[in-house]
Amino acid sequence: MKKYAVVLCVFALVAGTAFAGGSQEIVDDGGLHGSLTVATNASSPTFEAVEHIIDLFMEENPGVEVEYTSYGSDYENLMKARMAANDLPDVFATHGWAVNRYAEYLRPLNDLSFASRLSPSIVDTVTTDNGDIVAMPITSEQSGIIYNKTILEQAGWDEVPATLEEFYQCCEDVKALGVIPVYITGKDTRIQANMMDIMAVAMLITSNDAGDNAERLYDGTFDWSKWYPVSSFITDLVENGYTNVDATTADPIYTSEKLAFGEVMFNFNNQAMITDAWTLNPDADLSMMPVPGYKEGDSQIWIGGERECYGIWKDSPNMELAIALMEFMARPENVEYVCNAAGMPSGFSDVSPDLKLAEEYEKYSDLKIYPYFDREWLPSGMWATMRTIGGALTAGEMSVEESCSTMEDSYLSLMAQQ
Amino acid sequence: MAEKKKSKLKTKWNWLKSVIAVIIAGFFFAPFYIILSLSFKTRADRTSYWLFPSEPSFESYMYALDRGDIGLAIVNTLIVTVFSVVLILFLGAIAAYPLSRHKTKINKFILSCFVGVMMVPPLSVLVPIYKELVSMGGINTFWGIILITVTYNLPMSVFMFSNFISGIPKELDEAALIDGCSQFMIFPRIILPNMGPVISSVLILTGVAIWNDYSFQLYVLQKPKLKTITLAISAFFTEGSTNMPAAAAATVISVLPLAVIYICLQKYFVKGSMDSAVK
Amino acid sequence: MKNSNTDIRRFMQSDPRALTFLALPAFALFIVFVVVPIISGINISFTNWNGYSQEYSYVGFDNYRKMVSDPQVWTAFKNTLIYGFGSTLVQTVLGLAFAMLLVNRFLFRGFARTIIYLPAMVAQLIIGYIWYFIVTYERGALNDIVGLFGVAKVDWMSKGTRAVLIIMMINSIAYCGKTMIIFIAGLESIPNMYSEAASIDGANTWQSFRHITLPMLLPAMTTSLVLNIIGGLKMFGLVVAMTNGGPGYASHSLSSLINNLYFANQQAGYSAAVGMFSFVFIVLVSIVLRKYLEKKEEQYNG
């Protein structure tokens, strides 16, 4: 009997700790009170930087408790489940999907004081068709291709390749040095999708012979055989041996070390990857180059959009607090702090952080910034199709023609859903 | 003389058996050796996975305990696991008793429903369950995760308990009934005292499954204060940068309690599997 | 009134049907968290829902029709069969061999038992990641060993069929400890007198194994078969950690495909349809298994 008593006691004790809810005393001093949940997928160092800003906010408003969490690579799945249940965090990161995925759940921010300060090149990417600004980009992205300056020199190039042809030539020269020209981590097919997403803009939108592709993509009459060069970009790299041998199976966890220790020339990722590589090897001679033009005479371009970007859930029960937090985060010194920590350009026109890559961006400052292909010219849901064909193309399990018709099928069915 | 010879032969064989057993164990331990050596490396260390670092670094362990909050995660995981397992054992045992003792049509139906649950891939019903829990207010609560966990682990305990109870002679029940024992008292008086071994094996099997659950915990326990071990480990995997040594260190820390419990319960565990499997 | 009260009391006292009430709490959980979500899943499978919006429309049997001609689903189905039945076979053979070796007492027996069981105690995703480090191309532990013999590095997971077989083997290795424990239990329950009698009758080791040990192990065998087949058919974490379904979609299991369709492809309706298919399939397998189990049980008791 004694034994049972002991078991019962232990059980009661654990139960007590498990279900004890803290009751908070509310003191009314005229300030803000309550608690707020903020969710993101940011990783180090952006996460720590935003966390710091939020700590400052709590210092300024002692009555407010903010719970800031990163869900890393599970974030998107979790947010989808939460949207389905219409139960979202008060403030959450929109990671490039503010308009196409989250808009339905976001509160327009046009009336907030920082709305007019958002940088004009970015604000469109967070504005819906009705003109609602639905998210606040703290950092923005200005991406092209990550490359290693030292290897570029060793391969005998003074300038980064400006056209696709030059890019292939550069790969050939780099390969001759015994360095992997393009590093693909195809275990997570996001990388191939990203490569096509970037190249598709140069090939189908900004090229001089793009014609009316953009309009046709919007109205559903696009001729998908024109996708051929985009898919070929992947197969060309693989077939010419310009990629790592394990392009289909390498895990993205290896990307930063490969970049950090100068074992690869090009990688299609954003600045955050360079920042991470620098934590492993501060001397890594890495930089970012614009996307080469498709044909001779086509201009190079940057791909960009919002990066660490937050929106407010339109049904948030803590609206007042959420707005206060957003206004606080938007203060120039706070935006600058996050941008510097992350090594990313800002989303505000009045904040220009001190970037390690500033020289590079300065050099190509006259180039235009375009959004990612799928975010602007494809219906939501095509990203997954691009991942599927990207993986299959790398593995040689799908021909370029098949990939075009897969894109077409998926495009037509998603357009029909809209 | 013959006896002696036989035992000598046996010792000789035992010696060989020991060698084979150690070789097999070595093979099975290799993956754990890799994770151990990885956990003592720094992120920039790119030596072969087989090489133990010459200067083991405890940085990852500090990082895992500090940033990853593994200590808190272990407490949370313990809460979820202990409560779920107790409920699973209790509900499973009292359900298994009638279902296996009286094979009426309705009992047979209920039993096959339970076994059917073992077949449901939890991922295919995850979002409906999530919506249901939201409407019940069960998100970010221990009771929410415990209810779901219990539901999806109960079938295994019902399955093993009912196999076990089928093996206890029915005559015992009948004798007790004749002695004036209420049929509801037969279970605690006659059946339960015999169930020690099978309880310990269900305890291990479900305990391990719950300790390592990921999908349900990810969706139900979203607050950092509620995170469990698997969630803490997965937090080291992010799109931009993945801290593998820290993930490895967190794994090592999280497996230790289980290994200790297993070694303590091993004796009973084997006996329990025997009785439920062999009837 | 009084009469019906005594009826109830008698019913509760001695009618075995009353005992079924004991199963009610468990059954209630089953209804709330299994039946209701499944019904909702069936409902979703007839829509074009993207998995997060509040808006969607019904599309009839479109999703089911699409499934029939979708190579992804058939590949995943084929792989699931390999993961389920292939691993069960390997696990049973390995588990039985280890059990035979480790059933009697000798030096290091307990140690070996513990180590062999160890992988079964670690989360599948983690086991998968550890093995990923072993079979990966770059700095892979297996390639390091192969390199010692002067063989060129191999990208083990780059071919679909090979990747599927490797995942199947890893699943078997990771969980053969469970099978071993069940078999050890079975072996320990065989009375010594049987094998002694056999050896007096002049039966050799193989004969006594074939005609005495194996039949006596049948119940243990069926238990482990049920657990292993279900475990293999529901495999998810290993696939995600080892290949993420790749190359292409060649190594997806039904579970990992369902997850991928739902969250990555935003085809919740279609994913639910595949989910229903996989559920029905696993239930069918379980019915056949249970029939087999019951038949064996009768044989054994009779």
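An exception is found over residues 5–26 of chain A, where the pLDDT is below 50 and where the stretch has 6 contacts in the model beyond near neighbours in sequence. Where pLDDT is low, predicted coordinates should not be read in detail.

The contact between them draws on 9 residues from domain 1 of chain A and 7 residues from domain 2 of chain A; on the domain 1 side, the contacting residues divide into 4 nonpolar, 3 polar and 2 charged.

Strand β6 (residues 145–148) of chain A runs antiparallel to strand β8 (residues 264–267) of chain A, to which it is joined by 2 bridges; I146(A) has N267(A), in β8(A), as its bridge partner.

The domain assignment of chain B likewise gives two domains, namely domain 1 (1–57) and domain 2 (67–278). The centres of domain 1 and domain 2 of chain B, again taken over C-alpha atoms, lie 32 Å apart. Their contact takes 7 residues from domain 1 of chain B and 7 residues from domain 2 of chain B, and the side belonging to domain 1 of chain B comprises 3 nonpolar, 2 polar and 2 charged residues.

Turning to the contacts between chains, that of chain A with chain B takes 24 residues from each of the two chains. On the chain A side, the elements giving two or more residues are α1 (2–19), β2 (64–70), α3 (75–84), α11 (255–260) and α12 (271–280) of chain A, and the largest share, 4 residues, comes from α12(A). By class, this side of chain A has 11 nonpolar, 8 polar and 5 charged residues.

The contact of chain B with chain C takes 73 residues from chain B and 74 residues from chain C. On the chain B side, two or more residues are given by each of the elements α1 (2–39), α3 (70–101), α4 (105–119), α5 (126–136), α6 (142–166), α11 (229–234) and α12 (244–278) of chain B. The side of chain B that touches chain C is made up of 52 nonpolar, 16 polar and 5 charged residues.

In chain C, I8(C) is placed in helix α1 (residues 2–14). I8(C) has 12 other C-beta atoms within 10 Å and is therefore classed as exposed, given that the cut-off for this class is 12 or fewer. Between I8(C) and T20(C), which are 12 residues apart in sequence, the C-alpha to C-alpha distance is 15 Å.

How values were computed. Residues are numbered from 1 along each chain as its sequence is written. Chains are lettered from A and ligands numbered from 1 in the order in which they are written. This is a predicted model: local features need pLDDT of at least 70, side-chain atom pairs count only at pLDDT 80 or more; totals for chains, interfaces and linings use all residues. pLDDT is the predictor's confidence in each residue, from 0 to 100. Ala, Val, Leu, Ile, Met, Phe, Trp, Tyr, Cys and Pro count as nonpolar, Asp, Glu, Lys and Arg as charged, and the others, Gly among them, as polar. A residue is buried if 20 or more other C-beta atoms lie within 10 Å of its own, exposed if 12 or fewer, and partly exposed in between; C-beta atoms are placed from the backbone. Domain bounds come from an automatic or database domain assignment. Two strands pair if DSSP finds at least two bridges between them.
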